[in-house]
Amino acid sequence: MRDGRIAYLGPSDGAPDATDADTIDASGATIVPGLVDCHAHFTGQGGANWLARFGDPEAELLSRGDDASRALARMGILTARDVGAPHRLNLRIRDRVRGRTDAPEILAAGTWLARRDKFPPFVVFVDSGDELRDAAVAEMDAGADLVKIAADTGRTGDEVTFTADELTPTVEAVHARGKRITAHAQGKGAAVAVAAGVDSVEHGFGVDATTAARMAGRTALVPTLGVLESFVGFASTDGGRFAESKAASEALREQAFAAVRAAKAAGVRIATGSDFGGGSVRPGHLAWEVEMLVRAGLEPHEALASATWIGGELLGLRDAGNLAVGGPADVVLVHGDPLADPAALWRVWRVYHRGARVG
């Protein structure tokens, strides 16, 4: 590594002169690119009461951004996409950590846009397709890197909150700005969002073979499987409503696995998203999502690609999740081989962000 960029990749035989370069003895480790989390909420806390925590004081919400940024960087997650925060606080967090080597590069969507009373109350509500388009423009005018809409409710189920005809003008307005738009869709909203031309579907538990076929080549899937697995775990650690709904959570997890398999069969791009903060998962747990993708049916190399270059491609960041001579020295060293054992991504030895060691 030299001046924050990769000077050479390859065997030691034939390596160029290393004068003035930073060299690391990585023997026994596997070198992987910086990881990419495509579904994050830096103002959230995670845990069993994640929704209520979005109502905490603004100063607390903002402070979580610093904590989460450091947690991600330590675990090798060097790029993240925040897909919703109250009062657009993620834009302030993005700007505050920009350029820091102990924080990921953040793309931020501002706040969620949803049909009135069909989503938790910390979002921007609209009553029509026209209002949705105007709200999307307002988010971009405020500095959002992308737009996040809710195509169905914040709960799983069959209720779709916009038609494709209502969504399409918003999609077109966002694309006219050269930006991307993603849709929360836990149920049947996925089919509607895909018909409208969104760039990615978040959660996507309702994606079936028909919808997946329409997504191929145009709309990516960000499944957030770790959240469903955490619900099953909460049945024993938190009890209460999680214990009562454990069977339903397990069934939804299997439905989500089927959605991943349908997407894979159709050739849909699948990118990792932990949903930390906005769901129950904690910051820095992207390795869990990689493990879950393998459980769902991806090969380990496919799951690792989802957490690296495919994620970077979805975000429109050419260097994110890639290792290349001349590219940024965003390098993660882990114990073990993630191509054989995805859990190796938990065993982070060292992280270098733009050539600077993190932690």
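Axes are lines fitted to C-alpha atoms, for helices over the stretch in contact, and the angles between N-to-C directions run from 0 to 180 degrees. In this predicted model, the axes of helix 8 (residues 225-237) and helix 10 (residues 246-266) come within 9 Å and cross at roughly 160°. Angles over 145 degrees count as roughly antiparallel, so helix 8 is roughly antiparallel to helix 10.

**Helix 8 and helix 10**
- The crossing of helix 8 past helix 10 is left-handed.
- Helix 8 contributes Leu225, Leu228, Glu229, Phe231, Val232 and Ala235 to the contact, and helix 10 contributes Lys246, Ser249, Glu250, Leu252, Arg253, Ala256, Phe257 and Val260.
- Nine nonpolar, one polar and four charged residues make up this contact of helix 8 with helix 10.

**Helix 4 and helix 5**
- Helix 4 (residues 129-141) and helix 5 (residues 164-176) have axes that come within 8 Å and cross at roughly 20°.
- Helix 4 and helix 5 are therefore roughly parallel to each other.
- Helix 4 passes helix 5 in a right-handed crossing.
- On the helix 4 side the contact holds Gly129, Leu132, Arg133, Ala136, Val137 and Met140; these meet Glu166, Leu167, Pro169, Thr170, Ala173 and Val174 of helix 5.
- The contact of helix 4 with helix 5 has eight nonpolar, two polar and two charged residues.

**Second largest pocket**
- The second largest pocket holds about 580 Å³ of space.
- It is lined by 23 residues, of which Met1, Tyr8, Asp22, Thr23 and Ile24 are the closest to its centre.
- The lining of the second largest pocket divides into 17 nonpolar, three polar and three charged residues.

Definitions and conventions. Residues are numbered from 1 along each chain as its sequence is written. This is a predicted model: local features need pLDDT of at least 70, side-chain atom pairs count only at pLDDT 80 or more; totals for chains, interfaces and linings use all residues. Side-chain values use heavy atoms; hydrogens and water are left out. Helices (H or I, at least four residues) and strands (E, at least two) are DSSP runs, numbered from the N terminus. Angles under 35 degrees count as roughly parallel, over 145 as roughly antiparallel, 65 to 115 as roughly perpendicular and the rest as oblique. A crossing is left-handed if the near helix is turned anticlockwise from the far one by less than a right angle, and right-handed if clockwise. Contact means heavy atoms within 4.5 Å. Ala, Val, Leu, Ile, Met, Phe, Trp, Tyr, Cys and Pro count as nonpolar, Asp, Glu, Lys and Arg as charged, and the others, Gly among them, as polar. On a 1 Å grid over the protein atoms alone, a cavity is a set of points where a 1.4 Å probe fits but cannot get out, and a pocket is an open set with protein on both sides within 12 Å along at least five of seven lines; lining residues have an atom within 4 Å of a point. Grid points are joined across faces, edges and corners, and a volume is the space filled by probe spheres set on the points.
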